[in-house]
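Hi,

Here is the structure I promised to pass on. Have a look at it first, and my notes follow below.

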Amino acid sequence: MSTATRLPHWDMTTVYPSLESPEFVNAFRSIVDRIDAVTAFFDERGIDRQDASQVDETSVSSFETATSELAALVEDLNTVYVYVSCFVSTDSRDDTAQARLSELQQHFVRVTLLDTRFTAWIGSLNSDALITRSDVARQLAYIVRRARIEAAHMMSPAEESLSAELNLSAGTAWSKLHGNLSSQLAVNVRTEDGDDTRPMSVVRNMAYDSDREVRRAAYDAEVSTWKDNALPLAAALNSIKGQTNTLARRRGWGTALDVALFENRIDRQTLDTMLAAARESFPDFRRYLRAKAGALGLERLAWYDLFAPVNADTRSWEFEEARDFLLDQFGSYSDRLRRFASRAFEERWIDAEPRPGKRDGAYCVSLRGEESRVLANFRPTYDGMSTLAHELGHGYHNFNLANQPFLLRTAPMTLAETASIFCETIVREAALQRAGREEQISILEASIQSNCQVVVDIVSRFLFEQEVCERRQQRELSVDELNEIMLRSQRQTYGDGLNESVLHPYMWAVKGHYYSVARPFYNFPYMFGLLFGLGLYARYRQDPDEFRRSYDELLSSTGTADVAELTGRFGIDVTTPDFWQASLDIIRHDIERFEQLISRNND
């Protein structure tokens, strides 16, 4: 039996039997009814933007009831929304799921408006007085104080309402176009046996093939297919960035980046400090790229060589073997982490098989309570296993957040990668200890390769989005202009580590992260998460017992404070260059070790 036939699909029947089952229909109808009820309560109590209001018994009662009702509604809505989205993610051709998702999005707008009204109303209250008089507000103090800032950056109630409603046929629609179009692309690839049509996700996985001609053919076919479909994707990107700029301006933010910084709970100084440290590491990553080129017998890597295995006989990690290894290594950290991961496998929270209509890449999403769902496109390699460890780390973060009130079960993107990077690093270090020289090279290369993407490529994506947002304020950008900006960004970051004549001008079409109005600059938080996670692992190695005592508390607290304040509670200062340099030093050490192993192989 082939690996593909054994790969699991996730089980969604534990939530509802099917999208057409009475249980799902009733849950959907119940949410609509509750939206009506909460809306009526908001209207009755005048929960909306007001002039500065006194905090009295009535306002405290309204706040506590509104908080309870809105949180319960959003929690149930999230479960239904994720349930439906899981069907779309694994098969974008599922017309029933697409129809339910479209219906749900209509109601999602109404809940967004309730949340906007609630935030605007809290912002009109004296936050300190509310926190003093209400136990609920005291528990949610961070949210109450943050609401005051958010309220100051809101348009009028009528404008916010119109914006939310129009977003369905604007940003959300353009994002949906990108997701559906990119997941359904059929790519004509030239192989030894003739032309073959394959899904885009399968073709992109061919970038990991050991045969350079296979990689080159896949790259040529992929770029050609993106080129053929670039016009609607450019229209989507232009529209989304135009909407993002307009909303940022109308809400009183300086730029879309300012919105992203607020949403990610960091300031510009912290971002600039991290980016400066990243740029200082580029020469080290270029050394790695040159060493990899040498190991492959190449003068310089082309774009399609970035993910090439450096050893032709790289060890295979079948899914069952990867599962067992992950459980063993998670158990070496704590029984609690192992039990969580075991539950994810046993209860079929993971969808691992690549197939037509399924979206590319991997993600983890909180479904309900302690449960998450993990999407992967598993390959029987170390990288495939590492990706599972990464996504299960996200699930463990969700698991720890589950003990918080629903409104505090959040993590800004800057901290959302904390547990995933930590779990990934546990597995990497264990694999290295057990590996011979050839396998060590493969494991180190897979790790550094991933880190190169999160540091070097993320900066290229940041530079791309920054320039697109700036230029989009004047006019729309053509496909050729988007390609030029993408290539310029890649040259500035990869430098002489890659063959500058064979880059990827259509990465703006590939990456779904660009196609979100709600999350502009959906890139730099990944770098923050990587380096923060590596820094935490270094602390774990220094004092394992002390680290274990505070780690789960850190994960469960990510919705309770801005990043600098929260990390400061645990003795970490993310505002200084030293923290970022120390994390990057871990990667530098790996690069040096990789170079030494490669050099010994060549001797």
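A word on terms before the details: I call it a salt bridge when a side-chain nitrogen of Lys or Arg lies within 4 Å of a carboxyl oxygen of Asp or Glu. Please keep in mind that this is a predicted model, in which local features need pLDDT of at least 70 and side-chain atom pairs count only at pLDDT 80 or more, while totals for chains, interfaces and linings use all residues. Residues are numbered from 1 along each chain as its sequence is written, and side-chain values use heavy atoms, with hydrogens and water left out.

Salt bridges

Searching the whole structure gives 48 salt bridges. In one of them, Glu-347 pairs with Arg-343, and their closest N and O atoms are 3.2 Å apart. For exposure, buried means under 20% relative accessible area, exposed means over 50%, and partly exposed is in between (1.4 Å probe, protein chains only). Glu-347 is partly exposed at 34%, and Arg-343 is partly exposed at 26%.

Arg-323 and Asp-324 also meet through their side chains, at 3.1 Å from N to O. Here Arg-323 has a relative accessible area of 27% and Asp-324 has 38%, so each counts as partly exposed.

A further pair is Glu-500 with Arg-491, at 3.8 Å from N to O. Glu-500 is partly exposed at 41% relative accessibility, as is Arg-491 at 37%. Elsewhere, salt bridges with shared partners link Asp-284, Arg-287, Asp-585, Arg-588 and Glu-595 into one network.

Nonpolar cores

By a nonpolar core I mean a set of buried Ala, Val, Leu, Ile, Met, Phe, Trp, Tyr and Cys residues joined through side-chain atoms within 4.5 Å. The largest has 151 residues, and Trp-508, Phe-524 and Met-527 have the most contacts inside it. Helix 20 (residues 437-472) supplies the largest share of this core, 16 residues; helices here are DSSP runs of H or I, at least four residues long, and strands are runs of E, at least two, numbered from the N terminus.

What does Phe-524 touch, leaving aside neighbours within four places in sequence? Its contacts (heavy atoms within 4.5 Å) include Leu-257, Leu-261, Met-274, Ile-458 and Phe-462. A second, separate core has 46 residues, among them Val-15, Phe-42, Leu-70 and Leu-367.

A hairpin

Strand 1 (residues 186-191) and strand 2 (residues 194-199) run antiparallel and are joined by 6 bridges; strands pair if DSSP finds at least two bridges between them. Val-187 has Arg-198 of strand 2 as its bridge partner. The two strands form a hairpin with 2 residues between them.

Best wishes
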